[in-house]
Amino acid sequence: MPKTITIAPVTRLEGHAKITLQLDDAGVVQEAYFHITQVRGFEKFCEGRPYYEMPGIMARICGICPVSHLIASAKACDALLAVRIPPAAANLRRIFNLAQLVQSHALSFFYLSAPDLLLGMDSDPAMRHILGVAQTAPETALDGVHLRQFGQTVIEILGGQRIHPGWVVPGGVNEPLSLEKRDKILAMIPEARAKVQRTLTWFKAATENFHAEIEVFANFPTLFLGLADDEGKAEYYDGHLRLSDSAGNMVASSLDPKAYASYIEEKVEPFTYLKFPYYKPLGYPGGVYRVGPLARLNLAERCGTPLADVEWRAFRAMSNGPVLSSFYYHQARLVEMLHATEKIEQLLLDPEILDKHVRATARVNSNEGVGVAEAPRGTLMHHYQVNDDGLITHANLIIATGHNNAAMNRGVLQTARHFVRGDQVTEGMLNRVEAVIRTYDPCLSCSTHAVGQMPLQVELRAPDGALVRSLRRD
Amino acid sequence: MSAAPGAKTFVIDGVDASATPGQTILSAAREHNIFIPTLCHLEGLGDVGACRLCLVEVKGARRLLPACTTRVDEGMEVTTNSPRLADYRQMTMQLLFAERNHVCSVCVANNHCEMQSMATTLGMTHVEVPYRFPALTVDASHERFTLDHNRCILCTRCVRVCSEIEGAHTWDVMGRGIQSKVITDLDQPWGTSETCTSCGKCVQVCPTGALFQKNRTGERRGKDPSFLPYLRTMREEL
């Protein structure tokens with residue numbers, strides 16, 4: 001008899017979700033749905049607010065990535081002012097964004113995914129968490145804690161507080177960097193870098209244990225989207241958008257981020273609050289793309305810092321074209337953390353970073369502004385329209401996790417087809433279905449700008465829709 | 001030492017004290033280092049007793065009296081702190097928060113807000129009455145400043161500073177009760193006001209984020225109304 005499996009709530013994710021697996025009479029997974037079960041309405045309730053409150057309001061979308069939203073929002077506001085912000089301010093924002101990348105990647109890798117990677121997909125779920133990691137491999141757990149601390153401390157030094165700092169403002173930042181603060185950050189870098197390198201060595205060896213997962217964890221052709229600079233280096237704050245196909249051919253090498261609406265469309269499905277963006281010229285689902293660490297490393301021609309470039313070459317050498325298995329998001333995350341420690345150091349060693357001129361002021365000179373930056377999970381887009389007084393009349397946000405929505409759904413289907421058979425469903429099988437989503441490190445509350453109940457739930461459903469089995473974790 | 005001519009002697013919180021003729025309970029209390037909470041009062045402006053936080057008990061009076069507008073009388077017995085007063089002040093604060101839309105976390109005045117810090121001082125931890133969530137507007141038509149009715153507590157400091165110090169009287173209050181709101185000129189967009197001199201005094205004296213300078217979010221310093229006593233003193237000396 002055909003069945004439906006429900007995994008709910010999906011655990012170790014930022015946000016709330018549910019997975020439904022539809023089985024046929026033979027017990028084979030026919031269809032899989034990844035439901036985001038919340039909606040928040042940020043785009044709506046910000047209407048009528050002054051534009052300069054937007055960075056502060058939009059940062060509240062997320063307590064993990066407030067910095068990413070601050071930056072995309074402030075960039076959209078820069079566009080409303082139509083100013084070019086001082087170079088020191090742009091580089092300070094870059095450092096801020098990279099520090100955010102380090103702390104968020106550390107959270108994803110060590111806290112959320114290391115339990116699967118270190119303890120095994122089938123290990124006892126009661127111990128499969130960061131404390132289980134701490135018992136088995138205390139050094140790894142401590143590295144994770146320290147790397148998060150590194151990123152958060154840099155954010156605190158620059159922005160005054162770790163969560164929801166108010167330092168990034170339309171036109172730049174509101175305080176220049178002092179020599180003391182610069183030296184304090186510089187002093188922390190070598191230790192952080194050593195920890196990332198140690199983790200990379202461990203991870204690369206550990207991939208030997210995950211051949212099956214690598215094979216079916218969202219391992220399929222899609223397009224890739226991300227920012228790159230004029231030389232094709234990975235870029236996190238500014239630059240052009242690039243889009244490549246699954247063979248590595250550039251579909252578009254220099255898209256203007258501000259014109260995103262002309263080439264990205266958002267498709268709506270009835271089973272989830274999260275929309276499905278796709279590349280308009282190729283339609284849906286042909287235009288489905290992935291963003292984030294995997295996409296960025298696939299799109300870049302290099303990282304632009306010595307140690308990360310060595311790791312980038314090793315990463316790309318794993319495949320003839322782009323690396324397609326989403327399992328490698330984990331490795332890409334570590335390479336990016338390494339790059340971030342190098343890039344932060346480079347930027348801080350430039351004396352210009354101490355320039356006192358860090359803010360451009362102007363009134364609203366444009367009624368429309370788009371800000372695009374790379375958040376840890378991928379390309380983040382803020383788009384505002386204002387009236388002549390600078391009050392918001394319309395806002396549209398496309399969050400990194402949203403870009404990955406279609407790929408996550410397909411990844412769940414692929415993984416479930418491989419691991420889930422009939423109603424003899426083991427916890428380890430379902431954990432793999434969750435783990436494929438974890439590779440994307442989705443931030444579901446961000447991506448739907450949503451609030452609500454969100455533990456993970458998996459449902460197994462019969463072809464007639466009858467619920468066969470439901471697993472739920474709160 | 002003998003008392004100044006006409007001085008009033010009174011008892012405040014059980015302590016004998018003196019006040020100059022016409023001095024308010026609030027002013028005399030502060031001279032004696034006795035704390036009475038206020039929000040609408042500002043040194044250098046006339047008092048109106050709008051916020052009701054400074055209510056005190058006066059022996060023989062049938063109701064609580066605002067310390068900022070009640071003058072000391074000979075032989076008065078004043079209590080500035082009692083469980084009853086603490087309850088009233090807490091409730092007053094809660095009503096202020098519930099009346100309009102105060103969202104501290106995303107407010108331009110966060111960490112620099114007199115209302116926020118007064119709530120902390122008074123130990124307010126919850127708002128026990130339902131929030132009203134009124135639909136109020138933001139007037140951003142002025143070139144440099146913004147008025148957000150969501151954050152206005154109707155203390156009327158802006159009205160008083162504009163009238164008493166700047167002499168423009170651009171600001172006033174219209175409506176009654178819950179409909180009351182501050183307006184510029186004849187309830188027209190601030191940017192079209194013909195009397196506003198754009199001096200910014202109203203912004204500096206506003207205790208909340210209701211009046212603020214455009215594009216000044218996330219700054220680590222707050223408003224600075226310290227110009228007021230100086231201005232007042234200088235003018236009196238002229």
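Which residue of S3(A) does A:Lys18 stand opposite? A:Lys18 stands opposite A:His35.

## Basis of the model

This is a predicted model, in which local features need pLDDT of at least 70, side-chain atom pairs count only at pLDDT 80 or more, and totals for chains, interfaces and linings use all residues. Residues are numbered from 1 along each chain as its sequence is written, while chains are lettered from A and ligands numbered from 1 in the order in which they are written.

Strands (E, at least two residues) and helices (H or I, at least four) are DSSP runs, numbered from the N terminus. Two strands pair if DSSP finds at least two bridges between them. Strand S2 of chain A, residues 17-23, pairs with strand S1 (residues 4-8) in the antiparallel sense over three bridges; here A:Ile5 has A:Leu21 as its bridge partner. S2(A) also runs antiparallel to strand S3 (residues 29-36), again joined by three bridges. The hairpin of S2(A) and S3(A) has five residues between the strands, and A:Gly27 takes a positive phi near 85° there.

Seven of the seven residues of S2(A) are buried; a residue is buried if 20 or more other C-beta atoms, placed from the backbone, lie within 10 Å of its own, exposed if 12 or fewer, and partly exposed in between. A:Ala17, A:Ile19, A:Leu21 and A:Leu23 point one way from the strand, and A:Lys18, A:Thr20 and A:Gln22 the other way.

## An open sheet in chain A

Four strands form an open sheet in the order S8-S7-S6-S11 (chain A), with mixed pairing. Strands S8 (250-255) and S11 (289-290) stand at the edges with a single partner strand each, so one side of each has no neighbour in the sheet. S7(A), residues 240-244, pairs with S8(A) in the antiparallel sense over three bridges, and A:Leu241 stands opposite A:Leu255 in S8(A).

## Helix H3 of chain A

The expected span of a helix is 1.5 Å times one less than its number of residues. For the 16 residues of H3(A), residues 66-81, this should be 22 Å, and the end C-alpha atoms are 22 Å apart, which agrees. In H3(A), 16 of 16 residues are buried. A:Ala82, which follows H3(A), has a positive phi, near 60°.

## A buried arginine in chain B

B:Arg157 is found in helix H4 (residues 157-166) of chain B. B:Arg157 counts as buried because it has 30 C-beta neighbours inside 10 Å. B:Arg157 and B:Leu42 are 115 residues apart in sequence, yet 7.5 Å apart in space, C-alpha to C-alpha.
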